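Trainee: I would like to learn how to read a structure feature by feature. Could you walk me through one?

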Amino acid sequence: MLEHHACVTARCDECGRFYDEDAEGVMHFNTAAEALECITTPYGSDEVAWVVGGDERLRCDLCESRRLCTENGHDWSEWLRCLCQGFDNPCPHRQRLCRCCPAWESTHYAEPKEVTA
C-alpha cells in the first residue's frame, strides 16, 4: 500500500544540508515546532547545535561552527604527527585541527596552510 504523509524536514539555508543526512538519513518531523526543538538542542554541553539566526535563516551545526570561528578565531589542537604515509613510515610534518569547526592546518606547506572543509 502506498500512503502519502505530510512531514517537516530541516535544511540549512547556507549550505543546503539536511538535518541528520550524514548519519541515518534525513529526519522527518510531524511539526515545525517539533523539528526546531530537536535540531536546536545540543546533545552535549560542548556541542554546537543548529540555530535560527536573527534573520530567521536556519544554520546547521557546521555552518554555525564556521561562523563562530570566523568571529572568535579557531580553537586549535596541539600539533599532531602527520600520518599521510602510514604508521610504519611516519611523515616528518605535523597537522592540527580546530576543536570547533572542520578547519585544519598542515606543515606540508612552507607556511601552515588552513584548510576548511
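Mentor: We will go through strands, cores, rings, salt bridges and cysteines in turn. Please keep in mind that this is a predicted model.

Trainee: Let's begin with the strands. In which sense do β3 and β4 pair, and over how many bridges?

Mentor: Look for which strands are partners, then for the residues that face each other. Here β3 (residues 80–81) and β4 (residues 94–97) pair in the antiparallel sense, over two bridges. As an example, Arg-81 has Arg-94 in β4 as its bridge partner.

Trainee: Which strand do three bridges join to β4?

Mentor: That is β5 (residues 104–106), and β4 and β5 run antiparallel. Across this pairing, Arg-96 stands opposite Glu-105 in β5.

Trainee: Now the inside. Which residues make up the largest nonpolar core?

Mentor: The general idea is that in soluble globular proteins, nonpolar side chains tend to be buried together. In this model the largest nonpolar core has ten residues: Ala-10, Cys-12, Tyr-19, Phe-29, Ala-35, Ile-39, Trp-50, Leu-58, Cys-60 and Cys-63. Apart from that core lies another, of five residues, including Cys-69, Trp-76, Cys-101 and Ala-103.

Trainee: If I pick out Tyr-19, which residues is it in contact with, leaving aside neighbours within four places in sequence?

Mentor: Tyr-19 is in contact with Ala-10, Gly-25, Val-26, Met-27, Phe-29, Cys-38, Ile-39, Tyr-43 and Trp-50.

Trainee: How many aromatic pairs does the count come to?

Mentor: The count comes to two. To read a ring pair, check the distance between the centres and then the angle between the planes. Tyr-19 and Phe-29 form a tilted pair, with 6.3 Å centre to centre and 45° between the planes. Both residues lie in the segment before α1 (32–39), ten residues apart. Tyr-19 and Phe-29 are both buried.

Trainee: Why is the pair of Tyr-19 and Trp-50 edge-to-face?

Mentor: The planes of these two rings are at 75° and their centres 5.5 Å apart, so the pair counts as edge-to-face. The cut-off that matters is a plane angle over 60 degrees. Tyr-19 lies in the segment before α1 and Trp-50 in the loop between α1 and β1 (51–52), so this pair ties together parts 31 residues apart in sequence. Trp-50 is buried, as is Tyr-19.

Trainee: On to charged side chains. How many salt bridges does a search of the whole structure find?

Mentor: The search finds nine. Take Arg-59 and Glu-14, whose side chains meet at 3.6 Å, N to O. Arg-59 is in strand β2 (residues 58–59) and Glu-14 in the segment before α1, so the pair links distant parts of the chain, 45 residues apart.

Trainee: Which residue forms a salt bridge with Arg-67 at 2.6 Å between the closest N and O atoms?

Mentor: That partner is Glu-64. Arg-67 and Glu-64 are three residues apart in helix α2 (residues 61–72), which means about one helical turn separates them. Arg-67 is partly exposed at 27% relative accessible area, while Glu-64 counts as buried at 7%. Arg-67 also meets Glu-71 in a salt bridge of 2.7 Å, N to O. These two are four residues apart in α2, about one turn of the helix. Glu-71 is exposed, with a relative accessible area of 55%. Through shared partners, salt bridges join Glu-14, Arg-59, Glu-64, Arg-67 and Glu-71 into one network.

Trainee: Last, the cysteines. How many disulfides does the count come to?

Mentor: The count comes to zero. Cys-15 is in no disulfide, and its nearest cysteine sulfur, in Cys-60, is 3.7 Å away. Cys-15 counts as partly exposed at 43% relative accessibility.

Note on methods:
Residues numbered from 1 in each chain as written. Predicted model: local features only at pLDDT ≥ 70, side-chain atom pairs only at ≥ 80, totals over all residues. Heavy atoms only, no water. Pairing = 2+ DSSP bridges. Core = buried A, V, L, I, M, F, W, Y, C linked by side-chain atoms within 4.5 Å. Buried < 20%, exposed > 50% of the residue type's maximum accessible area, 1.4 Å probe, protein only. Contact = heavy atoms within 4.5 Å. Phe/Tyr/Trp six-rings, centres within 6.5 Å; stacked < 30°, edge-to-face > 60°. Salt bridge = Lys/Arg side-chain N within 4 Å of Asp/Glu carboxyl O. Disulfide = S-S within 2.5 Å.
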